[in-house]
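This report concerns one protein model, shown just below. Please keep the sequence and the coordinates at hand while reading.

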Amino acid sequence: MSTTTVGPKLKNYIAGEWVESQSDRYEDIPNPATGELLSRVPLSTRDDVDKAVQAAKAAFPAWSETPAVERARVMFRFQHLLWENQDELARMITLENGKNLPEAQAELLRGIEMVEFAAGMPTLLMGETLPNIARSIDCQVIRFPLGVVAGITPFNFPLMVPMWMYPIAITAGNTFVLKPSERTPLSCIRIAELLKEAGLPDGVFNVVNGAHDVVNGLLEHPDVKAVSFVGSQPVAEYVYKTAAAHGKRVQALAGAKNHHLVMPDTDLRRAAKTIVSSAFGCAGERCMAASAVVAVEEIADELIQYLVEESDALKMGNGLEPGVDLGPVIRPAHLEKVHGYIEKGIAAGARLVRDGREDAKAKPEGFFLGPTIFDQADAEMVIVRDEIFAPVLSVMRVSDFEEGLAVISRSRFGNGATIYTNNGKWGREFVQRVEAGMVGVNVGVPAPMGFFAFSGWKHSFYGDLHANGKDGVEFYTKKKTVTSRWFDDGDTAIGSQKVFVK
């Protein structure tokens, strides 16, 4: 772990330098598995935000005029450094977030995919040209960067989610201000060092640590042209409305309640294994987790038996220990909130068939909850309506495929949905009709690779252009359409304008 980034108090990264925050308020960063203090993060001020934005604004003219090929070469060097430092980065993710090392390594790999995608920016930035749209008149579309753009990211994927943003943004010619989650800022601060080592000019990438004041400072700053956000639904809606009201381009990825429909013809044990991995991987703290199972009644009992068996086999503990499947949740306050949801589920009449609170009694030093499974839930219960963001799975029973689709459609979220079946008709019908932006067929986590858009629907997304893929390039660039004509000495303007006169 870098000694320049991690210590008693973190600093902000502005214009290539580590800068003390102007705030005197700090928040502890504990290891969720042990409670041990890792560092303290400043709750920075609007003045800190302004310094970072001004640094990014000053760096923009030179960086935007740097040839796209040269910007891409920085990404190639950065990718190499990520591979060189992969063990350190994965360990840092586990320390601050709690997920196990294999999950942290997978997170890093998905982030590197975005760097690889961004390294192809010279091709992605190509415009369109059509000569002779009229006599001697040509037309072309050229892409330009927006200017200073900002990213506000969550705790659950502290390295990967920021990589959905800044690799595309800066390789497209923008300059960037990142506000990482105040709960997990360590890996992003290390990233700033690696970007500088890769040759990124000072001021192109900046990090401001903090909470509400930093968020509002970015949303309202007149020099910030666009904001990318990933987080909970209420905050995503607030970010979208506030940033849009201040004239900014916005993409706000919000919460989820991903439904998994299990049909009678599927291999139930295999389906259960996939669902348990999806529901309880990363301690359920991911927006693509399986959190609601919709089981056809005739196989529901058998499926739940397998779900419990697979959950019983999971090893819970410190993610740095070998063989650990399930790490802690992020903070004691979140754990207490999840306990409240479990009690609400019991009070509403759902049957608690596996109580993860019992597992946690053996881990008093961390913020642990074992796999928790409800049966006999329904779509109106709060445990089904809300995103709990924890290892809690609710099973609803339906009579057939059509009722299953109807149950899923009642959710206000539409991030992901999966069907387990060997029937091609059911699979195709599900893909066509389910109200979700990312759909799986026998896939537990249908999150696309970085060259496709991460395309949530309904209250899982606010904006027009999604993160990643071609949508990401569109989001971080603006188009200029150029119509041109060059006269020879003998030309007149009249004849070549007739097409427009019509």
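## Basis of the model

The model is predicted; local features need pLDDT of at least 70, side-chain atom pairs count only at pLDDT 80 or more, and totals for chains, interfaces and linings use all residues. Residues are numbered from 1 along each chain as its sequence is written, and side-chain values use heavy atoms, with hydrogens and water left out.

## Nonpolar cores

A nonpolar core is a set of buried Ala, Val, Leu, Ile, Met, Phe, Trp, Tyr and Cys residues joined through side-chain atoms within 4.5 Å. Buried means under 20% relative accessible area, exposed over 50%, and partly exposed in between, with a 1.4 Å probe and protein chains only. The largest nonpolar core has 69 residues, and F78, L82, W164, F176 and I191 have the most contacts inside it.

Contact means heavy atoms within 4.5 Å. With neighbours within four places in sequence left aside, F176 is in contact with V149, A150, G151, M165, Y166, A169, I170, V204, F205, N206 and Y476. A second, separate core has 61 residues, including I299, A360, I373 and V434.

## Helix α9

Helices (H or I, at least four residues) and strands (E, at least two) are DSSP runs, numbered from the N terminus. Helix α9 spans residues 212–220, and its buried residues are V214, V215, N216, G217, L218 and L219. These buried residues pack against helices α1 (46–65) and α10 (233–245), and against strands β7 (148–152), β8 (175–179) and β10 (224–230).

## Salt bridges

The structure holds 29 salt bridges, each being a side-chain nitrogen of Lys or Arg within 4 Å of a carboxyl oxygen of Asp or Glu. One of them joins K99 and E107, at 2.8 Å from N to O, and both K99 and E107 are buried. Another joins K179 and E182, whose closest N and O atoms are 3.1 Å apart. K179 counts as buried at 3% relative accessibility, and E182 is also buried, at 18%.

D375 pairs with R397, the closest N and O atoms being 2.8 Å apart. D375 and R397 are both buried. They belong to a network of salt bridges that links E297, D301, R351, D375 and R397.

## The second largest pocket

Pockets and cavities are found on a 1 Å grid over the protein atoms alone: a cavity is a set of points where a 1.4 Å probe fits but cannot get out, and a pocket is an open set with protein on both sides within 12 Å along at least five of seven lines; lining residues have an atom within 4 Å of a point. Grid points are joined across faces, edges and corners, and a volume is the space filled by probe spheres set on the points.

The second largest pocket holds about 230 Å³ of space. Of its 13 lining residues, E103, S277, G281, L314 and D325 lie nearest its centre. Helix α11 (residues 268–280) gives the most to this lining, with 4 residues. The lining has 5 nonpolar, 3 polar and 5 charged residues, where Ala, Val, Leu, Ile, Met, Phe, Trp, Tyr, Cys and Pro count as nonpolar, Asp, Glu, Lys and Arg as charged, and the others, Gly among them, as polar.

## Cavities

There are 3 cavities of 30 Å³ or more. The largest cavity holds about 100 Å³ and is lined by 15 residues, with G284, R286, A289, S291 and F389 nearest its centre. By class, its lining has 9 nonpolar, 3 polar and 3 charged residues.

The second largest cavity has a volume of about 40 Å³. Its lining is made up of K257, N258, H259, I408, S411, F413, G414, N415, G416, E435 and A436. Strands β12 (258–262) and β17 (413–414) are the elements that give two or more residues to this lining, which divides into 3 nonpolar, 6 polar and 2 charged residues.

## Positive phi angles

K458, not a glycine, has a positive phi of about 55 degrees. K458 is in strand β20 (residues 457–458) and is partly exposed, with a relative accessible area of 30%.

N468 is another residue other than glycine with a positive phi, near 75 degrees. N468 is found in the loop between β21 (461–463) and α18 (469–475), and counts as buried at 2% relative accessibility.
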